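I am opening my notebook on a structure that is new to me. Let me look things up one at a time and jot down what turns up.

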Amino acid sequence: MNPLLVTLGTKLTERWLNLLVLPGALFLGVLAAGTTLGHTHWHDIHRLSQALDDLTARPVMDRTGTAAVAVAAVLLLSAALSLAAQFLGAAVESFWLRESRFPLERRLQYRRHTAWQRLDRERTDAIRDPATPAAEIERLTRARDRIALVPPTRPTWYGDRLAAAAWRVHAAYGIDLAAVWPRLWLILTEPAQRQIESARTSFAAAARLGAWSLGYLAVAVWWWPAVLIAAGCATVARSRARESVEALASLVESAVDVHGRDLAVLVGLQGPESPGLLSPDSGDRLSEIFRKGD
């Protein structure tokens, strides 16, 4: 057989196992254990092993065909659960990045905005006071930036961090990031594209882990220790999501910093020999051109 086909088949099998089968099989195992033990016998390992022995002792399990069908069913069900987690993960992404549309969301966004303004005022007052130590100013800056880099407009940190990237790019270069980004992406170098795609993939993976935490929370209906698994998955998902969103937003800003002027040169708004970074006038003109009158 062609070595290339063997290598591709091996990689596809590994990817299928890692992304689909293993997470789903782990969830099935927890679900089976939880429904077997229940709340009363939640830590009874003997009860679980006895249930496994009873299952394998059934005459039907001695048949090779039946065992093969059972294994195939478990694999297919594991893959189906993982696909469902991917779809639910997309919903988790949308939830994390949502806008303030409902009263509760607007209330949350208002509270975050109020806290950000308070810390920003305290920081401004501290800067104006010559007696304020530099460490205090730095502390206030970190506290404010933990809420958002710019005045919050979303109910979550994730949405505000990406919105801050667009706001900062517009403030520096006059660029409408939504209109310019697809064109800028076309001229990025392959390493830059890979890094941005890696950050985006990491955020999607964190959202999938958040989706799994919801699944394990549902298992807690039968087996309460699943709450601990759900809490662990949610904590890790939140941490990874923050890291990946921070990386993604920083990479997007960096791409505009480094290649924004190149895009203006390609469309003829700046000459190749013109000094300096992308000018705000050129950024405004780029946005106007790419919006096509919208």
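**Entry 1: Gln109.** I began with Gln109, which counts as buried because its relative accessibility is 17%. Gln109 sits in helix 4, residues 103–128. I take helices as DSSP runs of H or I with at least four residues and strands as runs of E with at least two, numbered from the N terminus. Which residues does Gln109 touch, not counting those up to four places away in sequence? I found Ser100, Pro152, Thr153, Arg154 and Pro155. A contact here means heavy atoms within 4.5 Å.

**Entry 2: ground rules.** I remind myself that this is a predicted model, where local features need pLDDT of at least 70 and side-chain atom pairs count only at pLDDT 80 or more, while totals for chains, interfaces and linings use all residues. Residues are numbered from 1 along each chain as its sequence is written, and side-chain values use heavy atoms, with hydrogens and water left out.

**Entry 3: the whole chain.** I looked up the make-up of the protein chain and got ten helices and zero strands. Of its 294 residues, 33% are buried. I also checked contacts with a separation of 6 or more: 69% of them in the protein chain are between residues 24 or more positions apart.

**Entry 4: Trp157.** My next stop was Trp157, which is in helix 6. Is Trp157 buried or exposed? Trp157 counts as buried, because its relative accessibility is 12%. Leaving aside neighbours within four places in sequence, I see Trp157 in contact with Arg112, Asp145, Arg146, Ile147, Arg242, Val245 and Glu246.

**Entry 5: rings.** I then counted aromatic pairs and came to six. The rule takes rings of Phe, Tyr and Trp (its six-membered ring) with centres within 6.5 Å; planes under 30 degrees apart are stacked, over 60 edge-to-face, and the rest tilted. For Trp96 and Phe203, the ring centres are 5.7 Å apart and the planes are at 45 degrees, so I noted the pair as tilted. This pair links distant parts of the chain, with Trp96 in helix 3 and Phe203 in helix 8, 107 residues apart. Both partners are worth a check: Trp96 is buried at a relative accessible area of 12%, and Phe203 is buried at 2%. Ring pairs also join Trp96, Trp157, Tyr158 and Phe203 into a cluster.

**Entry 6: cores.** In soluble globular proteins, nonpolar side chains tend to be buried together. I searched for nonpolar cores, meaning sets of buried Ala, Val, Leu, Ile, Met, Phe, Trp, Tyr and Cys residues joined through side-chain atoms within 4.5 Å. The largest has 24 residues, and Trp96, Tyr158, Tyr216 and Ala241 have the most contacts inside it. Helix 8 gives the most to this core, with eight residues. Trp96 turns up again, and among the residues that it touches beyond four places in sequence are Tyr158, Phe203 and Ala241. Apart from this core lies another, of 20 residues, including Ile196 and Leu263.

Conventions: Buried means under 20% relative accessible area, exposed over 50%, partly exposed in between (1.4 Å probe, protein chains only).
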